[in-house]
Amino acid sequence: MGDIVSLAGSVPTGGPYTDGSFRHATLDAELLSRVERYRLQRLRQQMRHHELDAVILFDPINIRYACGVRNMQVYSQRNPARYLYVAADGPVVLFEFSACLHLAANAELLDEVRPARAVMPQYSGPRCATHTQAFVDDIRGLFARSHAQGQRLGIESAPTGAIEALGQAGFELTDAATVVEGAKSIKSVDELALIHRSVTLTEAAMTHMEAALRPGMSENELWSIFNQHVLATGGEYAETRLLSSGARTNPWFQECSDKIIAPGELVAFDTDIVGCFGYYTDFSRTFHVPGAGAPNAEQKALYRMAADQLERNIALLRPGMSFRDYSRQAWPIPDGYRENRYLDIVHGCGMTGEWPLIAHDMDWDDVGYDGDIEPGMTLCVEAYIGHRDGTEGVKLEEQVLITEDGIDRLSTYGYSETLMAE
């Protein structure tokens with residue numbers, strides 16, 4: 001089927017991306033409708049490129065991307081209780097959680113809504129095989145209504161039994177993730193209007209959290225302030241709990257806890273929030289806790305190194321550059337800090353973390369893959385600095401848009417004046 005491709009020029013994106021007009025768009029029903037139609041068009045474009053007759057999507061984020069319908073998104077990520085059939089040339093049918101068909105009543109892109117089959121053993125027990133056979137029969141019937149050239153079917157996040165049954169029924173199966181990730185990678189200007197609103201509201205939530213930061217509160221308490229504001233302003237949920245303080249900032253990826261924040265410590269935070277309209281906002285900042293005077297020299301040095309890493313790697317981004325060339329030219333992590341490096345330099349960002357993931361040069365032979373940076377991609381540039389023998393670390397990250405000329409920063413929160421001070 002081939003590698004992920006963006007196919008940026010094959011579907012109108014509503015560009016150009018250079019004028020920033022998306023920041024002033026009216027977020028009305030017509031704009032939302034255009035976004036949903038664009039996303040389905042992008043998906044079908046990728047399906048045709050990969051010669052797929054249809055895809056079945058179980059991941060709730062991918063379902064929402066393709067048809068615009070949201071339902072129990074977190075629950076559905078661990079319970080494949082709903083799924084979407086999309087033909088390259090034919091019907092779009094949502095198999096919804098059985099008590100929830102009314103939620104998709106006004107969905108513009110759906111040709112039909114049906115109850116989902118109980119293809120999980122925990123839902124149907126010994127009757128699971130019967131429901132799985134009915135699932136296969138449903139797909140056969142939909143293929144008969146589609147203009148299919150064969151039985152080439154993409155599927156992702158499905159129960160093992162459903163995949164096995166489709167294979168036994170003669171379908172030629174492939175992982176639909178390649179198709180969906182390629183579709184997601186290029187945003188329309190209308191999508192950028194939604195992403196901008198999500199970033200703006202997330203930055204406001206971070207402002208509330210930073211203003212509330214004080215010694216004596218727990219990490220959990222501080223994190224809850226951010227989340228309360230996100231939810232109150234239309235955001236949806238956090239994908240991670242990456243807020244830590246003091247010695248828990250190094251190494252990175254320690255989730256927030258009931259640890260009490262002490263004066264003079266660093267607090268590092270990654271938003272990782274599915275904000276309004278289902279668009280992911282992902283940027284990071286590190287703060288100095290008041291109450292013990294100015295930051296010490298080590299804290300300032302860590303912060304400046306992380307800022308240097310971030311700014312160098314943002315400035316390096318340009319349309320047409322290959323992932324491999326970018327990785328080779330990225331800011332070189334000094335000895336002593338490589339062991340605790342972040343897992344990538346850049347990753348895609350849309351309705352969640354997405355393709356591409358650009359690996360460090362030192363990791364290229366293990367996990368790196370090539371491609372091209374293209375206008376319309378929204379990317380997150382990562383920076384983390386924590387010495388292998390150090391007690392604290394600094395996490396910074398920025399969310400940017402690739403334009404025809406270079407980049408446009410989507411997150412604009414700014415750096416800590418106290419930690420950047422000479």
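In which sense do β3 and strand β4 (residues 112-115) pair, and over how many bridges? The two strands pair in the parallel sense, over four bridges; pairing requires that DSSP finds at least two bridges between two strands. Helices (H or I, at least four residues) and strands (E, at least two) are DSSP runs, numbered from the N terminus. The model is predicted, so that local features need pLDDT of at least 70 and side-chain atom pairs count only at pLDDT 80 or more, while totals for chains, interfaces and linings use all residues. Residues are numbered from 1 along each chain as its sequence is written, and side-chain values use heavy atoms, with hydrogens and water left out.

Y85 has V93 of β3 as its bridge partner, and a hairpin of four residues links β2 to β3.

Strand β3 (residues 92-96) is mostly covered, with five of its five residues buried (under 20% relative accessible area; exposed is over 50% and partly exposed in between, with a 1.4 Å probe and protein chains only). In a regular strand, side chains alternate between the two faces of the sheet. In β3, V92, L94 and E96 point one way, and V93 and F95 the other way.

S416 is located in the loop between β17 (407-409) and α13 (417-420). S416 is buried, its relative accessible area being 12%. Its side chain reaches the backbone nitrogen of L419 at 3.2 Å. Apart from neighbours within four places in sequence, S416 is in contact (heavy atoms within 4.5 Å) with T286 and Y303.

Definitions and conventions:
Polar contact = N/O pair within 3.5 Å; in protein donor to acceptor, adjacent residues only side chain to side chain.
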